[in-house]
Amino acid sequence: MEKILEKAQKIKIIFFDIDDTLRVKNSGFMPESINEVFKKLHEKGIMTGIATGRNLFGVVPEVRALKPDYYVAINGAYVENARTQKVLYKNTFSKELIEEIIAWLKAEQSEYSFVSADSLRVSKWDKIASDAISPVYAELKENPDYYQTEEIYQMLTISVHDDQLKLPENLADKIRLVRWHPNSSDIVLTGGSKAIGCQQVLQELGLKAENMLNFGDGLNDRELFDFAGLSVAMKVSHPEILEKADYITDSVENDGILKALQALKIID
């Protein structure tokens, strides 16, 4: 613990995942202690960022109200200075790649969703899509050709056999799948991750990885846990994330973030 406390003294920016980290995904519950955490961090001059698989549309009002300094959205594919709305980084899919992905998913009898910076569309809205997506984004409109007019940063697979989907050779070196629900996986560009997005913020600020702490719980936090100077996993985290964590804290409902920052002596 002494070594972890030494690392904690170097922290100048903290990134937070949203779902099951800042708030409970399925119920939307966010403890009052989160407001206290952000207030105290701002008072101490420690910057804050949101690092999420969601796009800006999915950053719910109560998270925006925390007034974070940066948004690392769509698993690092879109990065914005929340204070100035300046876009620091964008990593989009080409139309050719999207058409390859659609052809593969159709052959696999899987539906799909497009993720732009501030909206989403699905190829088909049904119970399978609703079970996965409604807790995060509510009901989505159908538009299988959405990519023709919008910049796409990520796609989602949607099927009851999502765990059986395997990338074909022509896509295996271009994209990767990150499961986040029994019915759905994020389709992320190879090399893309929350860690890449957070690096853009550190470069902007002239900071190093050792100056960054992050909180997370899911597989899309994997690269971030390898990258950050200090990583804290929520009690409910995926086993792989628990293994990578420097520190494991309590659940959202039990004020896990506040408890961790107090234990690390970052705030009182």
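Which residue takes a positive phi just after helix 10? K265 does, at about 60°. The model is predicted, so local features need pLDDT of at least 70, side-chain atom pairs count only at pLDDT 80 or more, and totals for chains, interfaces and linings use all residues. Residues are numbered from 1 along each chain as its sequence is written, and side-chain values use heavy atoms, with hydrogens and water left out.

Helices and strands are DSSP runs numbered from the N terminus, with at least four residues (H or I) for a helix and at least two (E) for a strand. Helix 10 spans residues 256-263. Its residues G256, I257, L258, A260 and L261 are buried (under 20% relative accessible area, with exposed over 50% and partly exposed in between; 1.4 Å probe, protein chains only). The cover over these buried residues includes strand 1, helix 2, strand 11, strand 12 (230-233) and strand 13.

An open sheet of eight strands has the order 5-4-3-2-1-11-12-13. Its pairing is mixed. Two strands pair if DSSP finds at least two bridges between them. Strand 5 (87-90) and strand 13 (247-248) stand at the edges. Each has a single partner strand, so one side of each is left without a neighbour in the sheet. Within this order, strand 3 (residues 70-73) and strand 4 (residues 78-81) run antiparallel and are joined by four bridges. Y71 stands opposite E80 of strand 4.

Strand 8 covers residues 154-158. Five of its five residues are buried, so strand 8 is largely enclosed by the rest of the structure. In a regular strand the side chains alternate between the two faces of the sheet. In strand 8, Q154, L156 and I158 point one way, and M155 and T157 point the other way. Strand 8 is joined to strand 6 (residues 111-115) by five bridges, and the two run antiparallel. Here S113 stands opposite L156. Four bridges join strand 8 to strand 10 (residues 184-189), again antiparallel. In this pairing T157 stands opposite S185.

Strand 10 also pairs with strand 9 (residues 175-181). Six bridges join these antiparallel strands. L177 has I187 of strand 10 as its bridge partner. The two strands form a hairpin, with two residues between them.

Six aromatic pairs are found in a search of the whole structure. Rings of Phe, Tyr and Trp (its six-membered ring) pair if their centres lie within 6.5 Å; planes under 30 degrees apart count as stacked, over 60 as edge-to-face and the rest as tilted. One of the pairs, F16 and F215, is stacked, at 5.3 Å centre to centre and 5° between the planes. F16 lies in strand 1 and F215 in strand 11 (residues 212-216), so the pair ties together parts that are 199 residues apart in sequence. F16 is buried, with a relative accessible area of 0%. F215 is buried as well, at 1%. The rings of F114 and Y147 have their centres 5.6 Å apart and their planes at 45°, so this pair is tilted. F114 belongs to strand 6, and Y147 to the loop between helix 5 (127-137) and strand 8, 33 residues apart. F114 is buried at 0% relative accessibility, and Y147 is buried at 7%. F16 and F215 also form one aromatic cluster with F38.

R23 sits in the loop between strand 1 (13-16) and helix 2 (33-44). At 7% relative accessibility, R23 counts as buried. Not counting residues up to four places away in sequence, R23 touches I18, G28, F29, M30, R54, V60, E62, V63 and V252 (contact means heavy atoms within 4.5 Å).

The structure holds one cavity of 30 Å³ or more. A cavity is a set of points on a 1 Å grid over the protein atoms alone where a 1.4 Å probe fits but cannot get out; lining residues have an atom within 4 Å of a point. The largest cavity contains about 60 Å³ of space. Its lining includes I74, N75, G76, A77, N91, F93, Y153, Q154, V188, L189, G192 and S193. By class, the lining has six nonpolar, six polar and no charged residues, with Gly counted among the polar.

Note on methods. On a 1 Å grid over the protein atoms alone, a cavity is a set of points where a 1.4 Å probe fits but cannot get out, and a pocket is an open set with protein on both sides within 12 Å along at least five of seven lines; lining residues have an atom within 4 Å of a point. Grid points are joined across faces, edges and corners, and a volume is the space filled by probe spheres set on the points.
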